[in-house]
Amino acid sequence: EQDNISIYSNKITYFKNQEIIFTEGNSKAINDEVEIDADNFQYNKILNILKAKGNARIDNKKENYLIFSDEITYNRDTEITVTKNNSKAINDGILITAENFSYSKIDNILNANGKVILEDNIEDYIIKANEITYNKSLGKIFTIGKTNANIHSKYNFFSEDVELDQNLKQLKSVKNSKILDENSNKYELSSFLYFFEKKFLKGKN
């Protein structure tokens, strides 16, 4: 529904012909599931798109995630959230920072690009790449391009196009990889599969 949203701000301007609402200062939008905060809003009621600028934050209490960014665009029809600059997402012990996000609530997939860092404080790993896709439904994390992964501070992986499976608790790549272990031993492999719960590494030279 288009109108089950409440908007609060220091100043609200409503252009009725265009069905656009502008807000300035301490802006807040609330519906049943989502609370959005920012300095300023632009809400197009016809397109059902809300743009939040300046210290923007989405708090989805139902899905239990927080997203922060300089700028957030939320399409209420497609349930797609796009962020621009200084983006951060927090969900179930996982922290993702990047320049930009695109998150589809329906597909439950977050794509992050630009200096991406994904930290899982529960499983104790950090993944760094320029682009990461996190498919939460499948429990899989995919990186594109050069990737650095540090697992349990035991192995440091330097690779490309890496896949991490949260359910099987394994990290793998079929690209040339360099791996350093905690004793500074170096491995050069054409592909690898690491079971991080068992701390067992398989690889091909």
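## Aromatic rings

Rings of Phe, Tyr and Trp (its six-membered ring) are said to pair if their centres lie within 6.5 Å, and a pair counts as stacked with planes under 30 degrees apart, as edge-to-face over 60, and as tilted for the rest. This is a predicted model, in which local features need pLDDT of at least 70 and side-chain atom pairs count only at pLDDT 80 or more, while totals for chains, interfaces and linings use all residues. Residues are numbered from 1 along each chain as its sequence is written, and side-chain values use heavy atoms, with hydrogens and water left out.

Y155, F157, F192 and Y194 belong to one aromatic cluster, and the structure as a whole holds eight aromatic pairs. The pair of F15 and F22 is edge-to-face, because the ring centres are 5.5 Å apart and the planes stand at 90 degrees. F195 and F200, in turn, form a stacked pair, with 6.2 Å from centre to centre and 25 degrees between the planes. Relative accessible area is described here as buried when under 20%, exposed when over 50%, and partly exposed in between (1.4 Å probe, protein chains only); F15 at 38% and F22 at 32% are both partly exposed.

## Charges over rings

A charge sits over a ring if NZ of Lys or CZ of Arg is within 6 Å of the ring centre and within 35 degrees of the ring normal. K198 lies over the face of F195, at 5.5 Å from the ring centre, and K88 lies over the face of F68, at 5.1 Å from the ring centre.

Strands are DSSP runs (E, at least two residues), numbered from the N terminus, and two of them pair if DSSP finds at least two bridges between them. In a regular strand the side chains alternate between the two faces of the sheet.

Strand 15 pairs with strand 12 (residues 155–160) in the antiparallel sense over four bridges, and here Y155 stands opposite D181. Strand 15 is also joined by four bridges to strand 16 (residues 186–189), again antiparallel, with K178 opposite E188. Strands 15 and 16 form a hairpin with four residues between them, and S184 in the turn has a positive phi of about 70 degrees.
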